[in-house]
Amino acid sequence: MHLSTLLALLPILVNGHMQMITPFALNQQDNPNARFGTIDYNYAAPLDKAGADYPCKGHLSALGGPAGASVATWKAGTPQYFAIKGSANHNGGSCQASLSEDNGKSFRVIKSYIGSCPIPSKAYSFTVPKGTASGPAIFAWTWFNNQGNREMYMNCASVTITDGGSGMGGLYPYIFRANIGNGCATEAGTDVIFPNPGMDVENISTKATPPIGNCGPAGPGPVGTAMVSTSAMEATIPSKAVIINPVAPSGTAKTTETSPATTGSAYSSAKRVGMPTPSSAPATKTGCSCICDGYTFQFSPDEL
């Protein structure tokens with residue numbers, strides 16, 4: 001193949017899938033610290049199916065040199081974000097944002113995104129844990145695609161944490177791994193539900209299922225307890241703690257609200273029949289009947 005043809009195909013090869021652009025990933029072509037000869041021009045490709053380049057597509061070797069210099073400084077406890085670019089997001093899927101305080105030996109999840117992740121150029125927010133140790137750290141974005149081959153994507157960036165604490169410790173679960181020859185896989189056409197998503201979860205999936213196979217222990221941390229903050233709910237409903245119970249056969253996670261009944265009953269009734277969620281309970285309540293999927297539901301004033 002002629003050089004001119006290769007150069008013409010290069011943008012397609014690079015942008016065929018998705019890759020992290022904020023913060024700049026190690027040895028990624030847009031990273032100002034990247035060095036000629038070590039740049040990965042196929043950065044948007046998934047991890048090796050056998051896991052040979054886990055973690056970070058094998059780019060942790062850049063740490064300690066100019067190519068591994070920090071690209072962002074984050075104060076512990078502050079909101080931050082990552083962004084992804086590319087042209088083929090395979091109908092989204094599920095992502096995780098994680099941090100490593102030990103040069104990539106382990107990664108702990110700080111936020112999980114179930115459904116519609118990634119979307120090109122969208123800013124995915126998260127909060128750097130207050131207890132994160134000050135000093136160098138590695139931020140990781142991982143993605144399990146909804147459609148296409150069963151794959152795992154992982155991009156990592158060198159960052160610096162300031163005003164931190166004694167370390168994240170066991171409050172944060174280990175990163176989820178699948179589709180890399182470890183006996184754990186995700187189901188095609190769905191958004192994977194992480195066995196332990198951590199305490200901060202954004203779930204906007206309409207078809208989510210648990211992983212398949214022996215996915216190992218979920219790791220330390222408050223398994224199954226999370227703060228759910230979906231874009232559809234945040235506008236009218238204050239954040240509330242929920243407990244994610246075992247997944248139903250259909251793959252839909254069941255949730256049990258922990259909000260007081262005096263403030264959450266209207267929300268609960270509306271959610272059961274697909275009614276719009278009120279931002280606040282009316283001063284005077286009246287009963288009503290609703291039809292959903294051919295069934296008639298009758299609610300008394302006390303249930304609304």
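Predicted model: local features only at pLDDT ≥ 70, side-chain atom pairs only at ≥ 80, totals over all residues.
Figure 1. His-59 belongs to the loop between β1 (18–22) and β2 (72–75). With a relative accessible area of 9%, His-59 is buried, because buried means under 20%.

**Figure 2. Arg-177 and the ring of Tyr-54.** Arg-177 lies over the face of Tyr-54. The distance to the ring centre is 5.0 Å.

**Figure 3. The whole chain, as a setting for the close-ups.** The protein chain has 3 helices and 18 strands. Of its 304 residues, 42% are buried. Among contacts with a separation of 6 or more, 68% are between residues 24 or more positions apart.

**Figure 4. The stacked pair of Phe-126 and Phe-139.** A pair of aromatic rings is described by the distance of the centres and the angle of the planes. For Phe-126 and Phe-139 the centres are 5.1 Å apart and the planes are at 15°, so the pair is stacked; planes under 30 degrees apart count as such. Phe-126 is in strand β6 (residues 124–127) and Phe-139 is in strand β7 (residues 135–145). The two residues are 13 residues apart, and the pair links distant parts of the chain. Both Phe-126 and Phe-139 are buried. They also belong to one aromatic cluster, together with Trp-74, Phe-82, Tyr-113 and Tyr-124. The count of aromatic pairs comes to 13.

**Figure 5. The edge-to-face pair of Phe-176 and Phe-194.** The ring centres of Phe-176 and Phe-194 are 5.5 Å apart and the planes are at 65°, so this pair is edge-to-face; the angle required is over 60. Phe-176 lies in the loop between β8 (153–162) and β9 (184–185), while Phe-194 lies in the loop between β10 (191–192) and β11 (200–203). The pair therefore ties together parts that are 18 residues apart in sequence. Phe-176 counts as buried at 7% relative accessibility, and Phe-194 counts as buried at 2%.

**Figure 6. Strand β7 and the strands paired with it.** Of the 11 residues of β7, 10 are buried, so this strand is largely enclosed by the rest of the structure. Strand β4 (residues 93–100) is joined to β7 by 8 bridges, and the two run antiparallel. Within this pairing, Leu-99 has Phe-139 of β7 as its bridge partner. Strands β7 and β8 are joined by 9 bridges and also run antiparallel. Here Gly-135 stands opposite Ile-161 in β8.

**Figure 7. Strand β1 beside strand β3.** In β1, 4 of the 5 residues are buried, so β1 is largely enclosed by the rest of the structure. Strand β3 (residues 79–86) is joined to β1 by 4 bridges, and these strands run antiparallel. The bridge partner of Met-18 in β3 is Gly-86.

**Figure 8. The largest nonpolar core.** This core has 52 residues. Those that touch the most other members are Trp-74, Phe-82, Leu-99, Phe-139 and Trp-141. At least two residues of the core come from each of β1, β2, β3, β4, β5 (108–114), β6, β7 and β8. Strand β7 gives the largest share, 7 residues.

**Figure 9. Gly-213, an exposed strand residue.** Gly-213 is in strand β13 (residues 212–213). At 58% relative accessibility, Gly-213 counts as exposed, because the limit for exposed residues is over 50%. Gly-213 and Thr-186 are 27 residues apart along the chain, and their C-alpha atoms are separated by 8.8 Å.

Note on methods. Residues numbered from 1 in each chain as written. Heavy atoms only, no water. Phe/Tyr/Trp six-rings, centres within 6.5 Å; stacked < 30°, edge-to-face > 60°. Buried < 20%, exposed > 50% of the residue type's maximum accessible area, 1.4 Å probe, protein only. Lys NZ or Arg CZ within 6 Å of the ring centre and 35° of its normal. Contact = heavy atoms within 4.5 Å. Pairing = 2+ DSSP bridges. Core = buried A, V, L, I, M, F, W, Y, C linked by side-chain atoms within 4.5 Å.
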